[in-house]
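Trainee: I'd like to learn how to read a few features of a model with you. Could we start with how strands pair up?

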Amino acid sequence: MSKDSQRYAEKSLREMGVNIRLGQVVEDYLDYKVLLADGSVIHSTTLIWTAGVTAMTFAGLKQEDYGKGKRLFVDPYNRLYRYGNIYAIGDTCISNADPGFPDGRPQLAQVAMQQ
Ligand SMILES: Cc1cc2nc3c(=O)[nH]c(=O)nc-3n(C[C@H](O)[C@H](O)[C@H](O)COP(=O)(O)OP(=O)(O)OC[C@H]3O[C@@H](n4cnc5c(N)ncnc54)[C@H](O)[C@@H]3O)c2cc1C
């Protein structure tokens, strides 16, 4: 999402009283404890996971075929590089069709439908 959208979302959440801890990674949730990568712990009986999706991988493809989130790199025709007959669309691909989105278009229904 755009920087403006990010700032708006953060401001709105903070105004609602949500405590936001940026730049921290959740490693595990054990015994009602959220374990963060920096060693700190948040005690909570509830964990709601909204950190996104990781695409499925396929045994026949190479490591370099995948980008961020295990999404497959595709050309402007949604065809995988180095394979003339394999295509990927929607959430599972990163297209280089638009230089403004080097990590692929956002994983949204509109993008998937248009592809
Ligand atoms: C909680 C949530 C809220 C969202 N809200 C919005 C929103 O408000 N607006 C918006 O635009 N987008 C939203 N999205 C994103 C949107 O749902 C996706 O971007 C969109 O569905 C991607 O379409 P797709 O066809 O690429 O993948 P999907 O819709 O995920 O379709 C993939 C299909 O493949 C099937 N599948 C997976 N593996 C296999 C297999 N091995 N064999 C056979 N079938 C398989 C799956 O069951 C699924 O039916 C949301 C997503 C989530 C998770």
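Mentor: Strands themselves are DSSP runs (E, at least two residues), numbered from the N terminus. Keep in mind that this is a predicted model, where local features need pLDDT of at least 70, side-chain atom pairs count only at pLDDT 80 or more, and totals for chains, interfaces and linings use all residues. Residues are numbered from 1 along each chain as its sequence is written, and side-chain values use heavy atoms, with hydrogens and water left out.

Trainee: Which residue stands opposite Lys-33 in β2?

Mentor: That's Leu-30. Strand β1 (residues 26-30) runs antiparallel to β2, with 4 bridges between them. Their hairpin has 2 residues between the strands, and Asp-31 there takes a positive phi near 50°.

Trainee: And how many bridges link β2 and β3?

Mentor: There are 3, again in the antiparallel sense, with β3 covering residues 41-43. Leu-35 sits opposite Val-41 in β3. This hairpin has 4 residues between its strands, and Gly-39 in the turn shows a positive phi of about 95°.

Trainee: How do I read the two faces of a strand?

Mentor: In a regular strand the side chains alternate between the two faces of the sheet. Take β2 (residues 33-36): Val-34 and Leu-36 make up its covered face, while Lys-33 and Leu-35 are on the uncovered one.

Trainee: Is Asn-78 buried or exposed?

Mentor: Buried means under 20% relative accessible area, exposed over 50%, partly exposed in between (1.4 Å probe, protein chains only). Asn-78 has 9%, so it's buried. You'll find Asn-78 in the loop between β4 (72-74) and β5 (93-95). A polar atom of its side chain lies 2.8 Å from the backbone oxygen of Ala-88. Leaving out residues up to four places away in sequence, Asn-78 touches (heavy atoms within 4.5 Å) Ile-86, Tyr-87, Ala-88, Ile-89, Cys-93 and Gln-115.

Trainee: Now the ligand: which residues surround it?

Mentor: A residue is near a molecule if one of its heavy atoms lies within 4 Å of it. Here the ligand is surrounded by Met-56, Gly-90, Asp-91, Gln-107, Leu-108, Ala-109, Gln-110 and Ala-112.

Trainee: What are the distances from its oxygen atoms to the backbone?

Mentor: A backbone N or O atom of Gln-107 is 3.1 Å from an oxygen atom of the ligand, one of Leu-108 is 3.2 Å from a ligand oxygen, and a polar backbone atom of Ala-109 is 2.9 Å from one.

Terms used. A polar contact is a pair of N or O atoms within 3.5 Å; within protein, one must be able to donate a hydrogen and the other to accept it, and residues adjacent in sequence count only if both atoms are side-chain atoms. Two strands pair if DSSP finds at least two bridges between them.
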